[in-house]
Amino acid sequence: MREKLLPIFQESYRELRPRAPMPELQVEFFAFANVNNTIRLRDGRLLVRVSDLLEGAPETVLRAIAHILLAKMYRKPIEAAHATRYRRYISSHEIANKANQVRQLRGWKKFQTPRGSIYHLEEVFEDLNQRFFYGLMARPLLTWSQLRARSSLGHYDPAHNAIVISRIFDHPQVPRYALEYILYHEMLHLKHPVRLRGSRRCVHSPEFQAEENLFPQLEQAKAFLRRL
Ligand SMILES: [Zn+2]
């Protein structure tokens with residue numbers, strides 16, 4: 001696939017600029033956080049990066065990308081057929097989904113923050129760690145969600161060893177015990193790991209539930225969550 005990329009760009013260059021000398025071309029697949037393609041001219045060399053999400057794309061789509069990038073570079077009109085072919089391909093379901101997943105993974109570091117405007121998750125974590133776990137729990141990544149999600153109040157993400165808490169809890173009208181309860185619940189998921197079976201994401205064993213019942217404001221917290 002990679003070896004196919006260079007001749008595609010060379011042929012596309014030739015079509016666009018039949019008489020111009022062929023510049024040195026460096027073409028590679030690159031792990032952008034999204035479907036993205038770039039072209040630069042540096043010291044007479046053309047440097048091209050094509051999103052690695054397009055590595056499996058059909059040759060016609062790669063030809064479309066080559067045409068679009070080179071046309072852009074040399075200010076030539078972009079042929080409609082190429083533009084359509086490219087757009088159609090990246091908006092196809094599979095690529096859009098893949099891009100979404102990759103964006104989430106690669107964008108992870110950029111968006112994570114334990115510091116809210118009201119509550120700091122690391123501070124709340126360490127407090128709970130002392131009160132319930134003898135300070136023995138290794139701190140995972142802690143982050144507020146990007147969106148004020150109601151569908152997921154909190155979750156433990158084993159792939160990133162991270163606990164994500166919905167931003168709706170970072171609010172002056174949210175009592176600290178409600179946030180503590182959500183975080184405590186996720187900390188118990190760290191303490192009681194489960195083998196995932198099928199799509200069951202949240203498994204609460206009897207031991208898990210017994211330990212959850214140790215949370216002093218459990219009933220108040222649950223009542224607060226019901227009112228959300
Ligand atoms: Zn759970």
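Me: Is E28 buried, partly exposed or exposed?
Reply: Happy to start there, noting that this is a predicted model in which local features need pLDDT of at least 70, side-chain atom pairs count only at pLDDT 80 or more, and totals for chains, interfaces and linings use all residues. Residues are numbered from 1 along each chain as its sequence is written, and side-chain values use heavy atoms, without hydrogens and water. Buried means under 20% relative accessible area and exposed over 50%, with partly exposed in between (1.4 Å probe, protein chains only). E28 has 26% relative accessibility, so the residue counts as partly exposed.

Me: Which residue meets E28 in a salt bridge?
Reply: A salt bridge here is a side-chain nitrogen of Lys or Arg within 4 Å of a carboxyl oxygen of Asp or Glu. For E28 the N to O distance is 2.8 Å, and the partner is R49.

Me: Which strands do E24 and R45 lie in?
Reply: Their side chains meet in a salt bridge at 3.1 Å, N to O. Strands (E, at least two residues) and helices (H or I, at least four) are DSSP runs, numbered from the N terminus. The two residues are 21 apart in sequence, so the pair ties together separate parts: E24 is in strand β1 and R45 in strand β3.

Me: Which helix holds R176, the salt-bridge partner of E123?
Reply: The closest N and O atoms of E123 and R176 are 3.1 Å apart. E123 sits in helix α6 (residues 121-133), and 53 residues separate the pair; R176 belongs to helix α7.

Me: How many salt bridges are there in the whole structure?
Reply: One network of them links E123, D127, R131, R176 and E180. Searching the whole structure gives a total of 13.
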